Amino acid sequence: MKLLEDRIRRDGVVKAGGVLKVDSFLNHQLDPALFMELAKEWKRLYEGTEINKILTIEASGIALATAAGLEFGVPVVFAKKAQSINLDGEMLTTKIRSFTHGRVYDVIVSKKYLKPGDRVLIIDDFLANGAALEGLISLVESSGAALTGVGIAIEKGFQPGGALIRSRGVRVESLAIVESMDENTGEIIFRN
Ligand code: 5GP
């Protein structure tokens, strides 16, 4: 999506270790008008697909998922990062290894909000190694709901997550796919 690629070129900062900093518009300061355009693009891509719920993970997925929820006209559920899990049978749980923080944490969603019969679109800001997305997919699978697809803002195509998850037959629509980026020059190349 050209609008997003142009914005990443203008305001994104390439950091060491393959990290793309976009906190001036995507995950610290937020650009709501841009988010609505991203949401419209996911809506266009998933036209004709029955979706009744959007699932994301806190914190930076929530604003994007809310924009998508407005466009699709459906509720948004976010998976919570839990400090300690009260396994009372009311919660679906999984473990996710964080790329940015390098640790494993538990993630939970109430069974009240993800159920058999739901048709779920997962939305997130980044797809890198795919750990966050795999965790969200496993929550959908264990709930008995159907996964209709995934919408990602920025996929880092030089990391394995996108290929891994598509190879399992999951539809993944990333609005900008970074093919490569150079931390010395700041140059970012997108996949067509
Ligand atoms: P994954 O689990 O796919 O490796 O990484 C997904 C999560 O890690 C995203 O939700 C995002 O929070 C974070 N992340 C991964 N790579 C980057 C990056 O280059 N920049 C930023 N800002 N976040 C990233």
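Helix axes here are lines fitted to C-alpha atoms over the stretch in contact, and angles run from 0 to 180 degrees between N-to-C directions. With that in hand, helix 1 (residues 2–11) and helix 2 (residues 32–45) pack at about 145°, their axes 10 Å apart. Helices (H or I, at least four residues) and strands (E, at least two) are DSSP runs, numbered from the N terminus.

This is a predicted model, in which local features need pLDDT of at least 70 and side-chain atom pairs count only at pLDDT 80 or more, while totals for chains, interfaces and linings use all residues. Residues are numbered from 1 along each chain as its sequence is written, and side-chain values use heavy atoms, with hydrogens and water left out.

**Helix packing**
- Leu 3, Leu 4 and Arg 7 of helix 1 meet Leu 34, Glu 37 and Leu 38 of helix 2 (contact means heavy atoms within 4.5 Å).
- That contact of helix 1 with helix 2 comprises four nonpolar, no polar and two charged residues; Ala, Val, Leu, Ile, Met, Phe, Trp, Tyr, Cys and Pro count as nonpolar, Asp, Glu, Lys and Arg as charged, and the others, Gly among them, as polar.

**Around the ligand**
- Of the 15 residues around the ligand, Leu 20, Ala 128, Asn 129, Gly 130 and Lys 156 come nearest (a residue is near if one of its heavy atoms lies within 4 Å).
- Strand 7 (119–127) is one of the elements that each supply at least two residues of the shell, and the largest share, four residues, comes from strand 7.
- By class, the shell divides into eight nonpolar, four polar and three charged residues.
- Ligand oxygen atoms lie 2.7 Å from a polar backbone atom of Gly 130, 2.7 Å from a polar side-chain atom of Lys 156 and 3.2 Å from an N or O atom in the side chain of Asp 125.
- The protein covers 88% of the 500 Å² of accessible area that the ligand has on its own (Shrake-Rupley method, 1.4 Å probe).

**Two residues to look at**
- Lys 53 lies in strand 3 (residues 53–57) and is buried, with a relative accessible area of 11%; buried means under 20%, exposed over 50%, and partly exposed in between (1.4 Å probe, protein chains only).
- The side chain of Lys 53 reaches the backbone oxygen of Tyr 113 at 2.9 Å.
- Gly 144 sits in the loop between helix 4 and strand 8 (146–156) and is partly exposed at 43% relative accessibility.
- Beyond neighbours within four places in sequence, Gly 144 contacts Lys 115, Pro 116 and Gly 117.

Methods
Polar contact = N/O pair within 3.5 Å; in protein donor to acceptor, adjacent residues only side chain to side chain.
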